[in-house]
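Subject: Structure for your review

Dear colleague,

Please find below the structure that I am handing over to you. My findings follow it, and I would ask you to read them with the model open.

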Amino acid sequence: TEPVNHTLLTKFVISGLSSHPELQHLLFFTLCLVYTMTVIGNLLICVVTVHPTLCTSMYFFLQVLSFLDVFTASTVVPKVLVSFLSEDRSISYVGCVTQLYCVIFSGATEWYLLAAMAYDRYVAICNPLRYTLIMNPRVCLCLVLLSCCSGSVVSVVQTAWVFTLHFCGPRKINHFFCDVPPLMLLSCTDTSMYEKQVITATVLVICTPFCLILVSYACIIYSVLKISSAEGRHKTFSTCSSHLIVVTLYCACGTLNYLPTSSKSQDTKKVLALIYTAIIPMLNPLIYTLRNKEVREVLIITMAV
């Protein structure tokens, strides 16, 4: 098949979450509920964490994480919900480029932010007397801006690279949003070089921050084990466990989705993508709220008012 000139390529068709008509209504209401909980939960976290008693670097990072979760879900889920109600499942070429950029930007930025949050926990536990000096507002803002800039660079490079490919034949994307793996399947050119580039990007965006997080928590565990009080050890582990839950979920889904392996079907990739674009953003407020006593107390006060 001859490559299609990009000037003539005006839209793609997205297959959606499932090809089974009997599941459409169930998926619509389930996803609608998940998205509603995601938006309300994360916006509530943003409101609660501005309380004077929660004005620390940890809660500042949590605010940014909540914003990114809403941004990620809003980039993908509304379009999926509309596709359940409409026969037209097309997305414009520009819309596809924009969606891919936003998904990669939010994902990469969130990974760097999770690494910054791990460093914040390391300083708080291993250097408590110097915590406010090291993690001052200026340092926290710089870490967030660095995360955003890094995420933007990764997103620009990845998006530009994907859309330099030539797309042939039917423009049907076997996915529920514009993502790198399904777009590569539409290419009629050799993608072996790009697959190597995807692996490199995955290592830089996921594996490198993950290694930094592991180092931070190895130091934290070493310090915690030296605490004589069992109650002190439990409190410290409880503070860090919520962050580890998020990191584990995010790392597993992101790595399995983007590292190319022949054993993964496209349906499996859809499930993995659904987890990190919709499920994890919904779970983050629940994990951080239900497992954090300070946030729960402020939340109760806020709801009472």
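In this predicted model, helix H5 meets helix H7 through Val154, Val157, Gln158, Trp161 and Val162 on the H5 side, and through Tyr194, Gln197, Val198, Ala201 and Val205 on the H7 side. Sorted by class, the residues of this contact are eight nonpolar and two polar, with no charged residues.

How are two such helices described? For a packed pair, one gives the angle between the axes and the distance between them. The axes of H5 and H7 come within 12 Å and cross at roughly 165 degrees. An angle over 145 degrees counts as roughly antiparallel, and H5 is therefore roughly antiparallel to H7. The crossing of H5 and H7 is left-handed.

One residue of this contact may be followed in detail. Ala201 lies in helix H7. Is Ala201 buried or exposed? Its relative accessible area is 13%, and the cut-off for a buried residue is under 20%, so Ala201 counts as buried. If neighbours within four places in sequence are left aside, Ala201 is in contact with Gln158 and Ile206. Ala201 and Gln158 are 43 residues apart along the chain, and 8.2 Å separates their C-alpha atoms.

Helix H5 also packs against helix H2. H2 covers residues 57-85 and H5 covers residues 137-162; their axes come within 10 Å and cross at roughly 25 degrees. Angles under 35 degrees count as roughly parallel, and H2 and H5 are therefore roughly parallel to each other. The crossing of H2 with H5 is right-handed. On the H2 side, the contact is made by Ser57, Phe60, Phe61 and Val64, while H5 contributes Cys140, Leu141, Leu143 and Val144. By class, seven residues of the contact between H2 and H5 are nonpolar, one is polar and none is charged.

H5 itself deserves a separate word. This helix has 26 residues and reaches 37 Å from its first C-alpha to its last, close to the 38 Å expected at 1.5 Å a residue. Which residues of H5 are buried? They are Cys140, Val144, Ser147, Gly151, Val154, Ser155, Gln158, Thr159 and Val162. The cover over these buried residues includes H2, helix H3 (93-126), helix H6 (180-185) and helix H7 (192-225).

A second residue is found in helix H2, namely Ser66. Its relative accessibility is 2%, and Ser66 therefore counts as buried. Apart from neighbours within four places in sequence, Ser66 is in contact with Asn42, Ile45 and Cys46.

Finally, I turn to the chain as a whole. How many helices and strands does the chain have? There are 10 helices and three strands, and along the sequence they follow the pattern β-α-α-β-α-α-α-β-α-α-α-α-α. Of the 305 residues in the chain, 47% are buried. Among the contacts between residues at least 6 apart in sequence, 79% join residues at least 24 apart.

Yours sincerely,
A colleague

Methods: Residues are numbered from 1 along each chain as its sequence is written. This is a predicted model: local features need pLDDT of at least 70, side-chain atom pairs count only at pLDDT 80 or more; totals for chains, interfaces and linings use all residues. Side-chain values use heavy atoms; hydrogens and water are left out. Axes are lines fitted to C-alpha atoms, for helices over the stretch in contact, and angles run from 0 to 180 degrees between N-to-C directions. Helices (H or I, at least four residues) and strands (E, at least two) are DSSP runs, numbered from the N terminus. Angles under 35 degrees count as roughly parallel, over 145 as roughly antiparallel, 65 to 115 as roughly perpendicular and the rest as oblique. A crossing is left-handed if the near helix is turned anticlockwise from the far one by less than a right angle, and right-handed if clockwise. Contact means heavy atoms within 4.5 Å. Ala, Val, Leu, Ile, Met, Phe, Trp, Tyr, Cys and Pro count as nonpolar, Asp, Glu, Lys and Arg as charged, and the others, Gly among them, as polar. The expected span of a helix is 1.5 Å times one less than its number of residues. Buried means under 20% relative accessible area, exposed over 50%, partly exposed in between (1.4 Å probe, protein chains only).
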